[in-house]
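I opened my notebook today to look up a few spots in a protein chain. Here is what I wrote down as I went along.

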Amino acid sequence: MNSRFETQQSGETPMDPARARLIALAAERGVSLSALSGLLGRNAAYLQQFVRKGSPRKLEENDRRTLAEFFGVDEAELGAPPRETVLTVGAGQPARTADWADIPRLPLGASAGPGTLALDAAPVDRLRFSGRWLRQQGLEPVMLSVIEVEGDSMEPTLRDGDEILVDRSPRPLRSGLHVIRLDDVLLVKRLEPGSAGTVQIISDNPAYPRVERPRTEVAVLGRVVWKGGRI
């Protein structure tokens with residue numbers, strides 16, 4: 001029986017175990033290859049080409065590590081060479097394998113001031129977070145992005161140039177910091193439910209007025225779950 005990924009024609013080379021395992025893991029988790037490609041900071045077709053066309057021939061080490069951490073499996077299942085030694089710490093206790101998630105860093109700003117248009121969402125690089133910490137926060141790496149804050153309307157909470165980790169998982173709206181699109185402008189603001197189907201859009205800087213808009217006019221793109229910046 002044919003599948004979407006496997007090649008079954010006579011004389012074709014069977015799919016190697018690493019590719020087959022990636023397909024199985026994605027199916028078990030219910031996540032698409034294009035979403036996983038985004039987790040790696042790659043274009044949406046990257047893992048499709050890896051699986052179906054054999055390009056690249058092998059996953060890069062950082063990509064393989066990120067996928068292994070996301071699925072909670074050993075890197076060897078995705079094509080890593082077997083480990084020859086195990087580092088130890090303390091009284092002969094085995095050291096934990098490095099547990100990291102590389103989150104795409106997007107070249108756009110969520111304005112905390114007058115607002116800017118979000119014209120380009122292709123990742124430029126990645127910011128590394130502890131996989132264990134993300135799991136403790138209930139966060140899925142594939143649903144996270146890092147973007148930069150622009151402007152001063154969210155001071156002192158967020159300052160111009162701060163970076164924020166945005167969780168794009170679909171969740172019911174609740175009070176807190178969110179990245180939103182309003183009138184085709186990308187903003188980071190504090191949201192609170194309003195009356196009669198409205199939402200309060202709040203700037204932490206008291207110099208900026210509070211705005212109330214119908215909920216249907218505010219596209220909530222994600223919740224801010226972490227911030228970082230210069231001291």
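**Entry 1: a threonine in a strand**

I began with Thr198, which sits in strand S9, residues 198-202. Helices (H or I, at least four residues) and strands (E, at least two) are DSSP runs, numbered from the N terminus. Before going on, I noted that this is a predicted model, where local features need pLDDT of at least 70, side-chain atom pairs count only at pLDDT 80 or more, and totals for chains, interfaces and linings use all residues. I also noted that residues are numbered from 1 along each chain as its sequence is written, and that side-chain values use heavy atoms, with hydrogens and water left out.

Is Thr198 buried or exposed? I found a relative accessible area of 18%, so Thr198 is buried. Buried means under 20% relative accessible area, exposed over 50%, and partly exposed in between (1.4 Å probe, protein chains only).

Next I followed the side chain of Thr198, and it reaches the backbone oxygen of Ser195 at 2.7 Å. Leaving aside neighbours within four places in sequence, I listed Pro193, Glu212, Arg213, Pro214 and Arg215 as in contact with Thr198; contact means heavy atoms within 4.5 Å.

**Entry 2: helix H1**

I moved on to helix H1, residues 17-29. At 1.5 Å a residue, its 13 residues should span 18 Å, and the end C-alpha atoms are 18 Å apart, which agrees. The expected span is 1.5 Å times one less than the number of residues.

Which residues of H1 are buried? I wrote down Ala18, Arg19, Leu22, Ile23, Leu25 and Ala26. Seen down the axis of H1, these buried residues fall within an arc of 165°, so they line one face of the helix. The arc is taken from the directions from the helix axis to the C-beta atoms. A reminder to myself: an α-helix has 3.6 residues a turn, so residues three or four places apart point the same way.

The buried residues of H1 pack against helices H2 (33-39), H3 (46-52) and H4 (61-71). On the other side of H1, I saw that Pro17, Ala27 and Glu28 are exposed. Just after H1, Gly30 takes a positive phi of about 75°.

**Entry 3: a serine in a loop**

I then looked up Ser55, in the loop between H3 and H4. Ser55 counts as partly exposed, at 42% relative accessibility. Not counting residues up to four places away in sequence, Ser55 touches Arg19, Tyr46, Gln49 and Phe50.

How values were computed
Polar contact = N/O pair within 3.5 Å; in protein donor to acceptor, adjacent residues only side chain to side chain.
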